[in-house]
Amino acid sequence: MKVSKPAAKSVRKSAKPLPAGVKTPDAPGLRQRKLQETRERLTRGAVALFLERGFEATTIDDIAASADVSRRSFFHYFASKEDVVAAWQEGAASALIAEIVTRPAGESMLTAAENAIAAALKRIDPAEAAAMSRLKRDNPALQARDQLKYEKLERALAEGLAQRARTKADRLKARLVAMIATGAMRVGGESWIGEGAREKPDVFVKRTFDAIRTILT
């Protein structure tokens, strides 16, 4: 069968190679990176505004402008201002798991939890953490969301510690240690802020876990 001239032209055109140095774009990967970058800009801009002006005084329009996006675009990433605060701390759970699984096998679960929490806290700016803690403490809506944070942290700790468990009894122990450690973070964080956040967070973690060991012995 003879190929018509238009069809042949079309075949030749479609077979034309890309110019040198041009690669087929990885659309999903590029799109995902851009979405993540915008989300991070919104989060950083919002946190800076919250600390400068206060949570209530900061509007969604202010946050959108800080990230150079439209108000409509803001709602593609977050449903509310409260969600932005949650995003600021959303990496805490995954960071804890990452730290837990790298702890030496010889450490007890309680010691592994303590060291993992201290290591994760070193990644956070203490001044910013203290300011955000005060912001959440003074805002009822943010207080409620903060409780959910601790539930996520407890599950993350239990998951990480469970990877060290070899028996059914160890798995139960992992859940109990996660509960104790999360309670320590909650009470310790409140005490740290109440005392003016003078100590380094990892130093305060050590003091808190020393108190736990005193109680358990």
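## The largest pocket

In this predicted model, 47 residues line the largest pocket, and Trp88, Gln89, Ile124, Ala129 and Lys149 are those that lie nearest its centre; a pocket here is an open set of points on a 1 Å grid over the protein atoms alone where a 1.4 Å probe fits, with protein on both sides within 12 Å along at least five of seven lines, and lining residues have an atom within 4 Å of a point. The space in the largest pocket comes to about 1,300 Å³, a volume being the space filled by probe spheres set on the points, which are joined across faces, edges and corners. Residues are numbered from 1 along each chain as its sequence is written. The model being predicted, local features need pLDDT of at least 70 and side-chain atom pairs count only at pLDDT 80 or more, whereas totals for chains, interfaces and linings use all residues, and side-chain values use heavy atoms, with hydrogens and water left out.

By class, the lining of the largest pocket comprises 24 nonpolar, 10 polar and 13 charged residues, where Ala, Val, Leu, Ile, Met, Phe, Trp, Tyr, Cys and Pro count as nonpolar, Asp, Glu, Lys and Arg as charged, and the others, Gly among them, as polar. Helix 10 gives the largest share of this lining, 8 residues; helices are DSSP runs (H or I, at least four residues) numbered from the N terminus.

## Helix 10

Helix 10 has 27 residues and spans 39 Å from its first C-alpha to its last, close to the 39 Å expected at 1.5 Å a residue, the expected span being 1.5 Å times one less than the number of residues. Gly196, whose phi is positive, near 90°, follows helix 10.

## Nonpolar cores

The largest nonpolar core holds 25 residues, of which Leu96, Ile117, Leu157, Leu161, Met185 and Phe209 touch the most other members; such a core is a set of buried Ala, Val, Leu, Ile, Met, Phe, Trp, Tyr and Cys residues joined through side-chain atoms within 4.5 Å. Helix 6, helix 7, helix 9, helix 10 and helix 11 each give two or more residues to this core, and its largest share, 8 residues, comes from helix 7.

Neighbours within four places in sequence aside, Leu96 is in contact (heavy atoms within 4.5 Å) with Ala116, Ile117, Ala120, Leu153, Leu157 and Met185. A second, separate core of 17 residues includes Ile60, Phe74, Phe78 and Leu142.

Note on methods
Buried means under 20% relative accessible area, exposed over 50%, partly exposed in between (1.4 Å probe, protein chains only).
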